[in-house]
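Colleague: I have a new model open and would like to learn how to read it. Could you take me through it feature by feature?

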Amino acid sequence: MTSETASAGVKPARPVPWRDPAIRGIAYQVVFVAAVVGFIAFLVHNTMENIGRQNIATGFGFLHREAAFGIGETLIEYSPADTYFRAFLVGLTNTLYVAALGIVLATLLGTVMGLARLSSNWLVRKLAQVYVETFRNIPLALQLFFWWGLLNKMAPGPRDAIQILPDVFVSNRGIVFPVAVANPAYRWVGAAFLAGIVLAIGVSRWARRRQAATGRQLPAGWIGLGLILGLPAIVFLAAGAPLQLDVPALKGFNFSGGHTVSPEFAALLIGLTVYSGTFIAEIVRAGILAVSWGQSEAAMALGLRSGQRMRLVVLPQALRVIVPPITSQYLGITKNSSLAVLIGYPDLVSIANTSMNQTGQAVEGIAIIMAVYLFISLAISLAMNLCNRAVALVER
Amino acid sequence: MTDLTDEMPVPAQRPPTASTGTIGWLRANLFNSVFNSILTLLCLVLFAAAIPPVIRWAFVNAIWTAPNGQACRGGGACWAFIGEKIRFILFGFFPSGELWRPIAVVAVFLLMILVACDRRSWGRWLAYLWAAGLAAVLLVMHGGSLGLSTVETRLWSGLPLTLILAVIAMVAGFPLGVLLALGRRSNLPAVRAICVGYIELVRGVPLITVLFMASLMLPLFLPSGMTIDKLLRAQIAFILFAAAYLAEVVRGGLQAIPKGQIEAADALGLSYIQRTRLIVLPQALSLVIPPLVNTFIGIFKDTALVTIISLFDLLGTVDAALTDPNWQGFYVEAYVVVAAIYFCFCFFMSRYSQVLEREFNRGTRR
Amino acid sequence: MSDTVIELQGVHKWYGDFHVLKDLNLRVGKGEKFVVCGPSGSGKSTMIRCINRLEEHQQGRITVAGIEITSDLKNIDAVRREVGMVFQQFNLFPHLTVLENLTLAPVWVRKLPKKEAEETARYYLERVRIPEQADKYPGQLSGGQQQRVAIARSLCMKPEIMLFDEPTSALDPEMIKEVLDVMIELAHEGMTMVCVTHEMGFARTVADMMVFMDRGEIVERAPPADFFSNPKSERTRLFLSQILAH
């Protein structure tokens, strides 16, 4: 009996419009969006009115005007005659510079402290715990004020500068240390360094192939390290070891020569590193603890030695747990660098603040800051998602 | 061939002396390998080098009373500075005759927090207690009725301001955060998009930006003629900021609810609102109480940033205290004391959240 | 008497003040299968973990394959090469494929070329009857399959002795048989085995010697026939009545 044709053309009954979930869903959304859009329109209307009333300019044209303020530290060329746009660029480079350095140093400090928290030595464990608990529970702003107070307000003037290492001086103008004078031989040293890296990669590849083929192992890591450090050293020595130091010397009221790191930069970097290091320490510790002890036992039972266990079994699994929260921390360090405005380091927010005060265009200034930070956030989030997907453990 | 021992179990013996007691502990924990022994010695050397000077500075050579900054120099720590300034550091510009009011406010906050920490008190009446407490706090600080003189918000400073900003940010930001989290998981794409947009926008920018925005742009957002109190601007900024972070925490809890719960609720015929209110939210929220406490700790620390918009929270009053020409340069003493105050609050809250986490895990482990 | 491959002499162990192993004396000959049973907390797992130094004993002597176990790392490494261990929780490495799990130790500890290691790995995968899972990840396998992979992983190191720490306790009932079958085959081929298990059927089939431990000491030791039908100690009788009741 064929009943298929009879049922083929019948569709399920559509409910009455006001009880149809699809239509209700659309209706809710329309109402919601209308409310939000209406609210925003109200705000925009008020803003335009207020701006008109106070005769504040609008638009981003101000970016082409002369900035007319100086900036204490710049990574790129800048003078007060340059445009606001260039000033913002200086701020951006300063932000990225201190954030990048902060990320590297905080990762190093945090990893060491995280491992220390897991040490079999009770004293080391407790000291690391004291570090983490202390600096995690004090606001970053307070820590920045503390370091800045130490390095700027309380440090002596250049004439009475404290010498912490030979030729390294701390004064309220900053920390000044000797730098090597540029020398043509350094180009060769740099080339040797790059060659060392390439060779190290090559050696490790070759060693891995050899191990797969014959089972014999080479300490490719140490050899690679030797190449990376040794080749430039050899070139350096061969060139006659040219090392001429530009030593800071007190001339008049300040040091000349050498390289100065401003108290603001130093305080910001130290504060960011010490504060973020605590969170990274906890992340590293949690990552290693997340690898169950049974994994180490199985590796031990198979005869793997401690270094092999770490490298082949524990660390790969720990990294999967560590990477997501640590990229959040990196984002946090970048955002926290905006606290530079509290101690006068010219980062993006600082410079935007000055510009906003001068031009009165608060809306545009804030919009620029937000756009830049949003871009950085999205970039880091995207990178993290890609990373996560690539290393996810395969399950049923 | 069988082999058996006596019917009675062999009595336990004491372990060899070298592995118990103080010596055993030292061997197991401090000197259990060559590397560790070296580390222990290095640490002890560090202590010997660093601790005596600190003790000398902080206690032995410290000056405990002095008439002014000049007399306080030349020794160790100048604790006289703290003695002189502590009232200002804690309560800021509040009129000195009315100091009982901010003191009462801080006491009320501490009481409310301590009561909330006790799990037996969790219930509807706790919410009423908090509402009453917050209303009382604002009334007492502002005055203007009940015979209290009016104190403008620009004079609210120090520890009461920090507590007000942090607590109200959490209390007001929480319902907003829950709504955002629910919206982010909604099936309606427009609602989801707007919620995601808000959350990612606020989480992607530094708090300082949000504070600037509130401080500079909120007045522009209002119809001409209306003004908005500076403290209120900052409070709104913190509420909006807290809401975004709380939304992510709550979202974590919502994601952890098994799908079966929602299916069971649907099968029973509950509407979306009933299902959310009676089934989903209670479970989700109890899952994320420890991260919620951690968020509160973070917000509490973040209140220090209001110095940038010239509000004088605990950090702001310290800075102002340091500008006194009679007492110049006692940065270390001042910052150490304020750091200790922040540390006490944050450390105990974080310990509490760890205790909570352990309790909750015990309940879920089978 | 066959050569002794495992010997425990007067072994004591303490956890802090708690005396967990009391004066253990045991001798396992080559090719012999010992099944260790007892109530929980009796120290059976601790004892076999001492055999490959996953746990440290404080007093007494343990000799495995002629090597005495001390804190000397060289001895420990040598012992671990000759002793394979199968855990209750499988402990497969989740970030490596099944094949990589099996070849990891032969490549890095015995320093074999990759090809040779893979051939051995595939051979043992065949022996435990899951050759087709070679490129899967542990997370994709069932519990019984994972435990068989774990057995194959230990066998790839060609150990002289195999230790089993409650290998089927974490498995669903329908998967216990497939693992026990592999273990029985292994026993019939002459492997020296020390097994901690509650599977008394398996014990009756395979064991040369039953060992009953209670509260840290070895209470009774007998061939299965005598052990099950005529236990000499009251404590053994009590335990057997509890475990064989159902």
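Colleague: What should I know before I start?

Modeller: This is a predicted model, so local features need pLDDT of at least 70 and side-chain atom pairs count only at pLDDT 80 or more, while totals for chains, interfaces and linings use all residues. Residues are numbered from 1 along each chain as its sequence is written, chains are lettered from A and ligands numbered from 1 in the order in which they are written, and side-chain values use heavy atoms, with hydrogens and water left out.

Colleague: How do I read an interface, and what area is buried between chain A and chain B?

Modeller: The size of an interface is often given as the accessible area lost when the parts come together. Here buried area is the accessible area (1.4 Å probe) that two parts lose on being put together, summed over both. Chain A and chain B bury about 4700 Å² between them, with 74% of it on carbon and sulfur atoms. Counting contact as heavy atoms within 4.5 Å, 55 residues from chain A and 55 residues from chain B take part.

Colleague: How many salt bridges are there between chain A and chain B, and how many between chain A and chain C?

Modeller: A salt bridge is a side-chain nitrogen of Lys or Arg within 4 Å of a carboxyl oxygen of Asp or Glu. The count is zero between chain A and chain B, and two between chain A and chain C. One of the two joins A:Glu297 to C:Arg49, at 2.3 Å from N to O. Chain A and chain C bury about 2700 Å², and carbon and sulfur atoms give 59% of that; 30 residues of chain A meet 31 residues of chain C there.

Colleague: What does B:Leu211 touch?

Modeller: Beyond neighbours within four places in sequence, B:Leu211 is in contact with residues including B:Ala234, B:Phe238, B:Leu305 and B:Ile309.

Colleague: And the sheets: what is the strand order in the open sheet of chain C?

Modeller: Two strands pair if DSSP finds at least two bridges between them. The open sheet of four strands runs E2-E1-E4-E5, with antiparallel pairing. Strands E2 (18-29) and E5 (67-68) are its edges, each pairing on one side only. E4 (residues 59-64) and E5 of chain C share two bridges, and C:Val64 stands opposite C:Ile67.

Colleague: Which residues of strand E6 of chain C lie on each face?

Modeller: In a regular strand the side chains alternate between the two faces of the sheet. In E6 (residues 83-86) of chain C, C:Val83 and C:Met85 are on one side and C:Gly84 and C:Val86 on the other, all buried. E6(C) pairs with E7(C) in the parallel sense over four bridges, and C:Met85 has C:Leu163 as its bridge partner.

Colleague: Is C:Leu163 buried or exposed?

Modeller: C:Leu163 is buried, with a relative accessible area of 0%. Its contacts include C:Ile48, C:Asn52 and C:Val194.

Colleague: Why is strand E9 of chain C described as largely enclosed?

Modeller: Five of the six residues of E9 (residues 209-214) of chain C are buried, so the strand is largely enclosed by the rest of the structure. E9(C) pairs in the parallel sense with E3 (residues 33-37) of chain C over four bridges, while five bridges join E9(C) to the antiparallel E10 (residues 217-222). E9(C) and E10(C) form a hairpin with two residues between them, and C:Arg215 in the turn has a positive phi of about 50 degrees.

Definitions and conventions
Buried < 20%, exposed > 50% of the residue type's maximum accessible area, 1.4 Å probe, protein only.
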